[in-house]
Amino acid sequence: MWLITCLVVAAILAVTYLRKRHKQPTPFQKLALPRQEPSPQLKAKLINAVGAEKAEELVARARFGDPGKTEAYYWWKAVKLNRRE
């Protein structure tokens, strides 16, 4: 019984580790991702709404905890964050 419990716990830990590892891009994948620039309209929309300094702060906040996305995604997410505030 003790052995079965240990095997089940080990299997759960292995699956959890592999899921977390799979979600995060490797350093090579981060370099290979396209650095798609945001459209000028999207940048202007955010900068006009909050100002340049606040816009950069929102984009930095959007980058936090979400590695491996394109620059356009971070600007889009910053617009969404601004709407929430």
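Q: Buried means under 20% relative accessible area, exposed over 50%, and partly exposed in between (1.4 Å probe, protein chains only). Which residues of α5 are buried?

A: Glu 71, Ala 72, Tyr 74, Trp 75, Ala 78, Val 79 and Leu 81 in α5 are buried. Their cover includes α3 (40-50) and α4 (52-63). Over the whole protein, buried residues make up 19% of the 85 residues.

Q: What kind of model is this, and which pLDDT limits apply?

A: The model is predicted: local features need pLDDT of at least 70, side-chain atom pairs count only at pLDDT 80 or more, and totals for chains, interfaces and linings use all residues. Numbering starts from 1 along each chain as its sequence is written, and side-chain values use heavy atoms, with hydrogens and water left out.

Q: What makes a helix or a strand here, and how many of each does the protein have?

A: Both are DSSP runs, numbered from the N terminus: helices are H or I with at least four residues, strands are E with at least two. The protein has five helices and zero strands. The order from the N terminus is α-α-α-α-α.

Q: Why is the pair Lys 54 and Glu 57 called a salt bridge?

A: A salt bridge needs a side-chain nitrogen of Lys or Arg within 4 Å of a carboxyl oxygen of Asp or Glu. Lys 54 and Glu 57 have N to O at 3.8 Å, so they qualify. The two are three residues apart in α4, about one helical turn.

Q: What makes Lys 54, Glu 57 and Arg 61 a network?

A: Glu 57 also forms a salt bridge with Arg 61, with the closest N and O atoms 3.7 Å apart. That pair is four residues apart in α4, about one turn of the helix. Salt bridges therefore link Lys 54, Glu 57 and Arg 61.

Q: Why do these three count as partly exposed?

A: Relative accessibility is 27% for Lys 54, 43% for Glu 57 and 39% for Arg 61. Each value falls between the buried and exposed limits, so each residue is partly exposed.

Q: What does the salt bridge between Asp 66 and Lys 77 tie together?

A: The side chains of Asp 66 and Lys 77 meet at 3.2 Å, N to O. Asp 66 lies in the loop between α4 and α5 and Lys 77 in α5, so the pair ties together parts that are eleven residues apart in sequence. Asp 66 is buried at 16%, whereas Lys 77 is partly exposed at 22%. The whole structure has four salt bridges.

Q: Why are α3 and α4 called oblique to each other?

A: Angles run from 0 to 180 degrees between N-to-C directions, and axes are lines fitted to C-alpha atoms, for helices over the stretch in contact. Under 35 degrees is roughly parallel, over 145 roughly antiparallel, 65 to 115 roughly perpendicular, and the rest oblique. α3 and α4 pack at about 120 degrees, with axes 7 Å apart. The pair is therefore oblique.

Q: Which residues meet between α3 and α4?

A: Contact means heavy atoms within 4.5 Å. Leu 46, Ile 47 and Val 50 in α3 meet Ala 52, Lys 54, Ala 55, Leu 58 and Val 59 in α4.
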